[in-house]
Amino acid sequence: MIALDRRKALGLAASLPVAASLTGLGASGAHGAEVPSGSGAGSGASWDLTDLFPDTQAWDAARKAVLAALPRLSAYKGTLGTSAQALARALDDISMIKLKAMRVYVYSSLQADEDVRAPAPQEREAQARDMFSQMGQATAWVDPEVLDLGEETIERFIAENETLTRRFAFPLRDTLRRAEHILDDQGEAILASASAALAGPGSVRDQLVASDIPWPTITLSDGREVRLDAQGYSHSRDADNRADRKRVFDSYWSAFKGYEGSLGAALAAKLKGDVFEAENRGYESCLAMALAANRIPEGVYRSLVAEVNAGLPQLHRYFQLRRRMLKLPDIHYYDIYPPLVQMDRTFTLGDMRNVALDALKPLGRDYVRLMGEATAKKWMDPFPRPGKRAGAYMNGAVYDVHPYLLLNLSESFDGVSTFVHEWGHAMHTLIAAKAQPYETARYPTFLAEIASTANEVFLTEYMLERAKTKEEKLYYLGMRLEGLRGTFYRQTMFAEFELKIHEMAEAGEGLSGASISRVYGEILRRYHGADFIIDAPYEMEWAMIGHFYRFFYVYQYATSITAGTWFARSVLDGGTAERENFLGVLRAGGSDYPTDILKRAGLDMASPQPYRDLVAGFGQTLDEIEALLDA
Ligand SMILES: [Zn+2]
């Protein structure tokens with residue numbers, strides 16, 4: 001996902017890009033064969049960064065050229081109101097320099113991720129960040145000047161000038177829309193100077209989790225020793241041996257429990273900072289401020305939470321099915337991670353590509369042809385390597401070149417999922433770039449996970465149709481349930497918790513580690529049902545979720561899988577019209593507000609229906625599994 005920064009600059013000034021989609025999926029299993037090597041950097045990465053710059057000398061020359069252009073951009077200050085042509089010329093120049101700066105930044109960032117241990121690329125990335133912050137300073141005057149010109153003048157200029165109409169109308173209007181929540185110069189200066197202090201609680205939390213909490217080391221039943229930090233926990237929590245996973249959970253969450261007070265104080269201080277900013281900007285609530293950034297109606301958040309709650313009986317049914325399939329006498333929180341069915345089928349990179357191109361045929365010949373061409377090029381670094389950045393992302397920020405993908409594929413089905421997911425991002429980027437000018441090609445976070453999750457639906461459907469054994473069918477159906485549990489139900493549980501603690505902070509209720517755990521424990525138990533046993537230390541789970549420091553971010557995972565599934569189902573069940581409808585969403589990029597783009601495609605995210613459809617599909621998958629088990 002693209003990081004959402006609520007303190008980001010408004011639409012027109014330059015701000016630092018962030019790599020899209022850090023899914024953190026599948027980072028196990030070394031695999032190195034069959035991929036042509038050679039970015040020439042000697043790191044072993046197989047993407048070709050020479051599409052961006054032939055070498056680091058050329059990169060440095062481009063960086064200096066961007067810096068040299070900054071005085072010219074500053075000099076436009078005070079000229080935007082002269083005429084429509086003057087406004088268009090200034091915005092075009094700024095935009096084109098920003099595009100050059102983006103290429104400089106992305107090159108350095110990708111190279112730094114090839115080997116996070118190598119100092120020289122990290123230094124170049126720092127130089128590129130510095131270039132961006134200088135560019136931000138050189139263009140910080142743009143939004144205030146647009147606001148000063150006012151709606152009437154801006155609308156007249158847009159009507160008079162073709163460049164403004166075609167490329168800048170949406171960002172200009174979006175800047176004007178925010179006017180009522182932008183303070184005067186002094187107010188903005190105070191908020192800007194408070195931002196470092198407001199970021200403090202997040203640093204305290206990171207410091208505690210990364211280094212201060214003494215993570216325990218335990219011995220598993222096979223004699224293996226595991227240090228239970230975040231990585232050790234996520235590798236061991238699905239242990240086959242039930243006593244092992246109970247020990248993993250007990251030890252890990254007890255370690256958090258010892259720091260409940262400090263972790264709670266950090267989160268409570270962060271919430272106070274959110275309330276401070278929302279109040280000073282004149283928003284009714286923190287939620288209102290968060291949703292205003294992309295004009296998301298509050299009904300989207302409310303419908304999501306209400307419908308997920310209404311759909312909890314299906315989730316509880318899933319837990320009882322899980323108990324049955326894992327042959328357990330009862331079900332505890334430490335039983336949620338072991339896979340329902342094991343499958344040892346492996347896939348090479350070539351297999352993954354063939355499966356993806358075949359599975360995505362419902363999207364049409366043009367889509368498959370474009371993806372076939374793109375996946376044959378050296379845009380992707382697919383496999384893990386010592387020193388390489390973990391996780392998976394697609395970076396599509398260089399509009400005039402092409403997307404790059406950093407993956408850490410395993411050879412299992414999980415690797416195939418990651419492949420189609422990240423290529424879903426890349427295809428969204430390519431299709432939007434073809435249809436949109438640079439200024440409106442970049443889609444917001446609310447839309448960013450729709451193409452990727454839709455691709456996962458196509459993949460699962462394809463695999464199910466071709467599954468040869470009952471076990472294989474059960475495996476894919478189980479993966480679908482796990483995906484919906486983790487992304488639809490669980491992220492909405494986080495979203496509900498995040499809203500609840502913000503409301504408590506807004507009401508002036510004193511929040512402590514103990515009261516936060518109580519709130520989290522209540523929601524956790526409600527989501528898992530009366531027959532599910534959750535022991536007290538597991539109420540500390542909130543402390544592990546770093547996303548709670550990213551301000552109403554997590555709900556977008558749940559809305560995205562809802563929308564992605566809705567579109568995939570409509571394409572699979574429909575014809576050309578449904579397919580074109582979905583491709584139209586991809587082509588729209590960031591040319592309008594996200595919920596408006598979806599509404600034009602027939603999907604109203606504020607209505608209960610798409611969430612009800614998803615819950616119904618979850619129930620049908622449960623029916624299918626039960627039928628297979630009873631057969
Ligand atoms: Zn993603």
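Predicted model: local features only at pLDDT ≥ 70, side-chain atom pairs only at ≥ 80, totals over all residues.
User: How are two packed helices described?

Analyst: Two packed helices are described by the angle between their axes and by the distance between those axes. Take helix α12, residues 298-310, and helix α22, residues 555-573: they pack at an angle of about 80 degrees, and their axes are 11 Å apart.

User: What does that angle say about how α12 and α22 lie to each other?

Analyst: Angles of 65 to 115 degrees count as roughly perpendicular, and α12 and α22 are therefore roughly perpendicular to each other.

User: Which residues meet where α12 and α22 pack?

Analyst: From α12 come Val300, Tyr301 and Leu304; from α22 come Tyr555, Ala558 and Thr559. The residues of this contact of α12 with α22 divide into five nonpolar, one polar and no charged.

User: How do α20 and α22 pack?

Analyst: Helix α20 spans residues 470-506, and α20 packs with α22 at an angle of about 140 degrees, with the axes 7 Å apart. α20 and α22 are therefore oblique to each other. The crossing of α20 past α22 is left-handed.

User: Which residues of α20 and α22 meet?

Analyst: On the α20 side they are Gly483, Leu484, Thr487, Phe488, Gln491, Thr492 and Ala495; on the α22 side they are Tyr555, Tyr557, Ala558, Ile561 and Thr562. The contact of α20 with α22 divides into seven nonpolar residues, five polar and no charged.

User: What is the general idea behind a nonpolar core?

Analyst: In soluble globular proteins, nonpolar side chains tend to be buried together. In this model, the largest nonpolar core has 154 residues, and Phe256, Phe419, Phe488 and Trp542 have the most contacts inside it. α20 gives the largest share of this core, 16 residues. A second, separate core has 50 residues, including Ala69, Phe132, Ile154 and Ile158.

User: What is Trp542 in contact with, leaving aside its neighbours within four places in sequence?

Analyst: Apart from those neighbours, Trp542 is in contact with Glu260, Leu263, Gly264, Leu267, Phe497, Gly513, Ile516, Ser517, Tyr520 and Phe548.

User: Does Ser417 count as buried or exposed?

Analyst: A residue is buried when its relative accessible area is under 20%. Ser417 has 10% relative accessibility, so Ser417 counts as buried. Ser417 lies in helix α16, residues 413-435.

User: Which residues is Ser417 in contact with, again leaving aside its neighbours within four places in sequence?

Analyst: With those neighbours set aside, Ser417 is in contact with Glu456 and Leu459.

How values were computed. Residues numbered from 1 in each chain as written. Heavy atoms only, no water. Axes fitted to C-alpha atoms, helices over the stretch in contact; angles between N-to-C directions. Helix = DSSP H or I, 4+ residues; strand = E, 2+ residues; numbered from the N terminus. Parallel < 35°, antiparallel > 145°, perpendicular 65-115°, else oblique. Contact = heavy atoms within 4.5 Å. Nonpolar A, V, L, I, M, F, W, Y, C, P; charged D, E, K, R; others polar. Buried < 20%, exposed > 50% of the residue type's maximum accessible area, 1.4 Å probe, protein only. Left-handed = near helix turned anticlockwise from the far one by under 90°. Core = buried A, V, L, I, M, F, W, Y, C linked by side-chain atoms within 4.5 Å.
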